Amino acid sequence: MSPGVAGNLALVLGFVLTGTGLLLSVLAWWAKDARYVEAAKRAAVVSFLASLLAFAALEWALLTDDFSIAYTAENHSTKSPTWVKFATLWAALEGSILLWATLQALYTLLAARRLRDVWMAPAVLGTLFGVQLFFFGVLLFVTNPFTPVPNPPTEGPGPNPLLQNHWMMAVHPVLMYLGFVGISVPFAYAVAAMLARRYQSWVAETRWWTLVAFGFLTAGIFAGGWWSYEVLGWGGYWAWDPVENASFIPWLLLAGFLHTAMVQERRGMFKSWNFTYITLAFAATVFGTFLTRSGVIQSVHAFADGPVGPVFLGFLLLVLLVGFGLLSRVSAEVRDLGGISLLSREGLLLGGSLVFATMAFVVVLGTLFPLIVEAVRGDEVSVGAPFFDTVFAPLGAALLLLMGAAPLLPWGRVDPFAARALSFMLSALALFTALSLFLGAGFGVALGVGLFAYNLVAVVAQGARGVGAWRRKGEGYLAALLRYLARARRPVGAQIVHFGVALAALAIVFSQAYRVDAQKTLEIGERAVVAGLPLTLRRLEARDEGFRFAVVAEVEVSGAGRMYPRLHYYPTMNSPLAAPHVRYGIYHDDYLILQAFDTEEGRWATLRMVRTPMVLWLWVAGGIILFGVFYIVSPGFARAARGSEVTA
Amino acid sequence: MKAKYWIGLFVVVGAIGYMIWGGLGQSLVYFITPSEYFEEPVRYQGKRIRLGGIVKEGSIAFDPKALELRFILTDGVAEVPVFHQGTPPALFKERQGVVVEGRFQDQTFYGDNLLVKHSETYRPPEEGYTPEDVRNLIREAK
């Protein structure tokens, strides 16, 4: 038995078992017999085991340097460190689809374990099996990583050097896929709800899943930004690259869905809207894969052209067809309860949700616009970051305004407490914006500071309201606070998330506005002030690190130790990759890049110093947002593991 | 009551639409070659451009003190003088395919971002560049 044989066997097994699961789900639906549901749940278990086997087979080939299959022959190198070998599984197209299929099987399994509703179970399982079957089918018939190689080489090129340059690449794709795949569960429930005509309850039942997917997506996006910051050597964290956009679109749609789903849960409104939202969010994950794997759009992440593009486009159309077909069939039956007042929690939640939808639309438009221009006018263009920046600034400000106010307002109305809190918040906004302007900040920065203060007051006010409710029941201050924190997991978690978002916005505003970027060529031993820092170039050193060749500059920062920016040369790349030295700081980061050096005698080097304020706080904000999501979903993990009903 | 909301919605959608439309027009980056520039120089004046071509032999002038780089970019047919503030990247040399982002001012191209073709699969063609090679260069440079 070789890895190739084992892998192919596992894929066939997985495909057949998934197909069986789908068949059993359909039978359960037609025959209305719960025994078929039980059998389909078992199919979920065994098909997950099959996917795990395929995953293990590919790892087996990678870790034992077996070049007899296409994937290792094209993407593996014996010289890579062990962690790179392991992560090579998701460093190229075929392997990343295998990771996707494995995670899909995992989610199908977990979702199957806690299905209680006999009416919806067959349709939920059927949808998940359908999605899973697509991925197994792609693996088996379109991009099979286990395709045998007639004359196995003894050494391969290794994965893309950009991916080997940082350990984050072992983590970021997995987080991203956990998020993407997680959206399939609420989508499956939504499809089932439409099929079974039980329009109300699916939102509450999938709340936990939606939040888990949202948490992973958030983590994946922040991890990707951090990777970009540490590896790409340009001192930025977000470039509006098509692949970044492809991950951002589902995040925006999911965020919007989370907010209107709350309104449906509590007030029975926005049923069609929520169904549309989750369909689009799920479709967006497929859309992103299509964009980046088809060669339609050029990007750092894009893999070469291949037959995968049309296949994913077909799947995308199928998802949209199913979603909107069902929606049009049932939209006549969906009736929302009651009207809506704009100045109420649901009114502001709707407003926020619309902003998210607009943002998603803008990102889609900006990403696809080059294709439209090329089709219409024949010009080749790209849409620059300034477009996204200028449109996102006002939309972001609107979001920050709504975000502070919405959780404070009661459902359906405004009460005196909320009115008072709002007046405090708006005063803080006005005061801090004016103060920042007075201190010489630009309008954008001043507004950013004002909105941060506004949201800070909002968080305090909301906490005061929660604690006050327990105080009125006769608790002391501390006891009331603890009870509020322990009992009100959703509002408390949401507050934490909102605070994290406000902090992230502040960090983005400052890092964009006050970035200093300068470069200078220094002789060995020469001292010069670059971007306000006195630097001395001490020496240049070349190192052979086996799988790559490194040139390291030793730079002394007067009074602050030494920094070691590097250039990495990989055998498969004809230009070096910069590995900047980043020194994180509370006020700003020092980001030193070795731009170029004297290749003949090693007597000079060009150094570039980027000093960006508050970048550290962006990563802290990411951590806070994740903690907030975790605070809400954590009680559900134990229950999910037991397989009982989860409500966050 | 209803009409008020519709007007509000109309104003908001209009404002967003105006913002998007204006923003798109302002921030398009055109991918062109020197000869395409000379076909319609007026059209590209002041616009943000990603210009691709080959560094002409013997045209590189670099002042390391001021970090000012001047060279001539060619696609075999037309030539454009380029001014770039900053250091040339490690692989920058004569007859190398490069992409410069920036704007035309009169006949000179002022670049602020200089990219040497950076793909893991790309190898410069042995027998010199054709206009198609230059096109691919621009498209793939990142």
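**Entry 1: hairpins in chain A**

I began with strand 3 (residues 527-530) and strand 4 (residues 533-544) of chain A, which pair in the antiparallel sense over four bridges. I noted that two strands count as paired if DSSP finds at least two bridges between them. Helices (H or I, at least four residues) and strands (E, at least two) are DSSP runs, numbered from the N terminus. The model is predicted: local features need pLDDT of at least 70, side-chain atom pairs count only at pLDDT 80 or more, and totals for chains, interfaces and linings use all residues. Residues are numbered from 1 along each chain as its sequence is written, while chains are lettered from A and ligands numbered from 1 in the order in which they are written.

I found that A528(A) has L535(A), in strand 4 of chain A, as its bridge partner. Strands 3 and 4 of chain A form a hairpin with two residues between them, and A531(A) in the turn has a positive phi of about 50°.

I then followed strand 4 of chain A to strand 5 (residues 549-557) of chain A; the two pair in the antiparallel sense over nine bridges. Here L535(A) has V557(A) as its bridge partner. Four residues lie between the strands of this hairpin, and G546(A) takes a positive phi near 85°.

**Entry 2: chain A as a whole**

I recorded 21 helices and 11 strands in chain A. Its C-alpha atoms fill a box of roughly 80 × 70 × 60 Å, taken along the principal axes.

Buried residues make up 54% of the 648 residues in chain A. A residue is buried if 20 or more other C-beta atoms, placed from the backbone, lie within 10 Å of its own, exposed if 12 or fewer, and partly exposed in between.

**Entry 3: helix 12 of chain A**

I checked the span of helix 12 (242-267) of chain A. At 1.5 Å a residue, its 26 residues should span 38 Å, and its end C-alpha atoms are 37 Å apart, which agrees. The expected span is 1.5 Å times one less than the number of residues. Of these 26 residues, 23 are buried. Just after the helix, G268(A) takes a positive phi of about 70°.

**Entry 4: domains 2 and 3 of chain A**

I listed the domains of chain A as domain 1 (1-159), domain 2 (160-390), domain 3 (391-514 + 618-631) and domain 4 (516-616); the bounds come from an automatic or database domain assignment. In chain A, 27 residues of domain 2 are in contact (C-beta atoms, placed from the backbone, within 7 Å) with 23 residues of domain 3. Helix 15 of chain A gives the largest share of the domain 2 side, 10 residues.

**Entry 5: chains A and B**

I found 30 residues of chain A in contact with 27 residues of chain B. On the chain A side, helix 16 of chain A supplies the largest share, five residues. Strand 1 of chain A pairs with strand 1 (residues 28-32) of chain B in the antiparallel sense over three bridges. Which residue of chain B stands opposite V381(A)? I identified Y30(B), in strand 1 of chain B.

Technical notes: Two residues are in contact if their C-beta atoms, placed from the backbone, lie within 7 Å.
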